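Take a look at the charged side chains in the structure below. The paragraphs that follow go through the salt bridges one by one.

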Amino acid sequence: MAKILVLNGSSRENGNTEQLTDVILEGVSSTRINIRDFLIQPIVDKRHVPEGFTTVANDYDQIIELVLQHDVLIFATPIYWYGMSGHMKQFIDRWSQSLRDTRFSFKEEMKKKKAFVIICGGDSSMAYGIFFHHFIHNHGGFSKK
């Protein structure tokens with residue numbers, strides 16, 4: 001069975017995104033984390049300099065290790081100002097560092113994963129939830145436990 005990791009990017013505990021994710025994944029075994037509970041510092045972009053990125057003391061590596069241990073990633077985020085939440089954006093921005101980190105084969109490992117996005121925003125977010133619920137349970141290969 002696929003190991004599923006849900007990365008919740010909402011800043012609000014028990015908010016619409018979390019509730020929608022609960023409905024969509026009802027009965028599906030998964031590991032869930034709230035990105036808001038981790039300290040993820042921004043980095044200075046050093047992709048194009050020989051020395052590369054400098055080490056940043058925070059919780060980012062803990063999340064990346066979880067990501068690499070799972071087969072399926074579900075990114076759950078509210079939509080704020082036409083984009084993902086700041087927590088989710090900060091996390092994804094740090095992928096630039098993981099791509100150059102010799103401890104990980106990040107790009108190769110990420111190619112092996114399935115990924116889904118749960119978005120919540122606007123007046124009819126439950127309509128999106130119904131679609132994702134149907135898709136995940138009928139086409140995503142997930143089985144209920």
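Helices are DSSP runs of H or I with at least four residues, numbered from the N terminus. Keep that in mind for the helix labels. The model is predicted.

Side chains of opposite charge can pair when their charged atoms come close. A search of the whole structure turns up 7 salt bridges. Three of them are worth a visit here.

Start inside a helix. Lys89 pairs with Asp93 in a salt bridge, with 2.6 Å between the closest N and O atoms. Both residues belong to helix H3 (residues 86–93), and because they are 4 residues apart, about one helical turn separates them. Lys89 is partly exposed, at a relative accessible area of 40%. Asp93 is partly exposed too, at 35% relative accessibility.

Next, a bridge between two elements. Asp22 forms a salt bridge with Arg32, and their closest N and O atoms lie 2.5 Å apart. This pair links distant parts of the chain: Asp22 sits in helix H1 (residues 16–24), Arg32 in strand S2 (residues 31–34), and they are 10 residues apart. How accessible is Asp22? Asp22 has 37% relative accessibility, so it counts as partly exposed. Arg32, with a relative accessible area of 36%, is also partly exposed.

Finish with a network. The side chains of Asp101 and Arg103 meet in a salt bridge, 2.6 Å from N to O. Salt bridges with shared partners join Asp61, Asp101 and Arg103 into one network. Is Asp101 buried or exposed? Its relative accessibility is 17%, so Asp101 counts as buried; the cut-off for buried is under 20%.

Definitions and conventions: Residues are numbered from 1 along each chain as its sequence is written. This is a predicted model: local features need pLDDT of at least 70, side-chain atom pairs count only at pLDDT 80 or more; totals for chains, interfaces and linings use all residues. Side-chain values use heavy atoms; hydrogens and water are left out. A salt bridge is a side-chain nitrogen of Lys or Arg within 4 Å of a carboxyl oxygen of Asp or Glu. Helices (H or I, at least four residues) and strands (E, at least two) are DSSP runs, numbered from the N terminus. Buried means under 20% relative accessible area, exposed over 50%, partly exposed in between (1.4 Å probe, protein chains only).
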